[in-house]
Amino acid sequence: EFLATLGTPHDVSVVPGNHDTYVKLPWAQGLAKWSAYMTGDDAQAPDGLKAFPFLRRRGPVGIVGLNTGEPEAWFFATGRLGQEQIERTEAILTSLAREGLFRLVLIHHPPQPGGAPRRKSLLDARAFQDMIGRVGAELIVHGHMHRPMLGRIAGPKGPVPVLGVAAASSDVTSYYGAGGYHALTIARQDDGWSLDVEIRQLAMDYATCKAKSQFRLALPLAA
């Protein structure tokens, strides 16, 4: 279960979550299988948990991929970033802000307040929220909850949008709603950024995905 942008491994960004780390495995036998999709622009193949966060620059967008997966007890689907990963993320987001890039953060577990019930939550969400409060981001995208969601985390220049995406594999009759994806269009404006979001979900005939809703967000430039 992961978040991705469509294309080749060079263009697809994958972040792991709880479904990818049910049990402890050596890196080479587990997450390394997806290393082509989690390699930053430095071209160094990821090696262990210190591979996260990874950074990819694509046009005016800096994609920052995080890892929240860790083995848990049965019936729990919690995740954790760890203080070191949060600190590295803060340094990257600060640097990208200086470059004037749109900072897109990919994370599996919802990091916003109230984003998930306790047994499915990000255990160190508060530390992540505090970090975003210091340095900000333009958009945070998460999965995990199997349905479209929209939340907020307080940032230095106002609320940072947190966009939850549906599980692509959900049946049209699923409790969570039909599977699908979000199409995002990011454009630089004189006073900030515009973000157009189109939520597309599987049609009842299973033949295609159709637009369910769309909206636009106006986002300020980084502090």
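Biologist: Where is His144 found, and is it buried or exposed?

Modeller: Keep in mind this is a predicted model. His144 is in the loop between E4 and strand E5 (149–155). Its phi is near 75 degrees, a positive value in a residue other than glycine. The relative accessible area is 5%, and the cut-off for buried is under 20%, so His144 counts as buried.

Biologist: And His146, which class of accessibility does that one get?

Modeller: His146 is also placed in the loop between E4 and E5, and its phi is positive too, about 70 degrees, although it is not a glycine. Its relative accessibility is 22%, so His146 counts as partly exposed.

Biologist: What about His142, is it buried or exposed?

Modeller: His142 sits in strand E4. Relative accessibility is 0%, so His142 is buried.

Biologist: Which peptide bond is cis, with omega near 0 degrees?

Modeller: Look at the segment before strand E1 (54–58), where Pro53 lies. The bond with omega near 0 degrees is the one from Phe52 to Pro53.

Biologist: How do the axes of helix H1 and helix H2 run relative to each other?

Modeller: H1 covers residues 83–99 and H2 covers residues 125–135; their axes come within 10 Å and cross at roughly 15 degrees. Angles under 35 degrees count as roughly parallel, and therefore H1 is roughly parallel to H2.

Biologist: What is the handedness of that crossing, and how many nonpolar residues are in the contact?

Modeller: The crossing of H1 and H2 is right-handed. H1 brings residues including Ile86 and Leu93, and H2 brings Phe128 and Met131 among them. By class, the contact has 2 charged residues, 3 polar and, for the count you asked about, 7 nonpolar.

Biologist: Which element gives the largest share of the largest nonpolar core?

Modeller: That core has 24 residues, and those with the most contacts inside it are Met38, Phe102, Leu104, Leu139 and Val141. Strands E2, E3, E4, E8 and E9 each give two or more residues to it. The largest share is 4 residues, and it comes from E8.

Biologist: Which residues is Phe102 in contact with, leaving aside neighbours within four places in sequence?

Modeller: Phe102 is among the residues with the most contacts inside the largest core. With those sequence neighbours left out, its contacts are Pro60, Val61, Gly62, Glu138, Leu139, Ile186, Trp193 and Leu219.

Definitions and conventions. Residues numbered from 1 in each chain as written. Predicted model: local features only at pLDDT ≥ 70, side-chain atom pairs only at ≥ 80, totals over all residues. Heavy atoms only, no water. Axes fitted to C-alpha atoms, helices over the stretch in contact; angles between N-to-C directions. Parallel < 35°, antiparallel > 145°, perpendicular 65-115°, else oblique. Left-handed = near helix turned anticlockwise from the far one by under 90°. Contact = heavy atoms within 4.5 Å. Nonpolar A, V, L, I, M, F, W, Y, C, P; charged D, E, K, R; others polar. Core = buried A, V, L, I, M, F, W, Y, C linked by side-chain atoms within 4.5 Å. Buried < 20%, exposed > 50% of the residue type's maximum accessible area, 1.4 Å probe, protein only.
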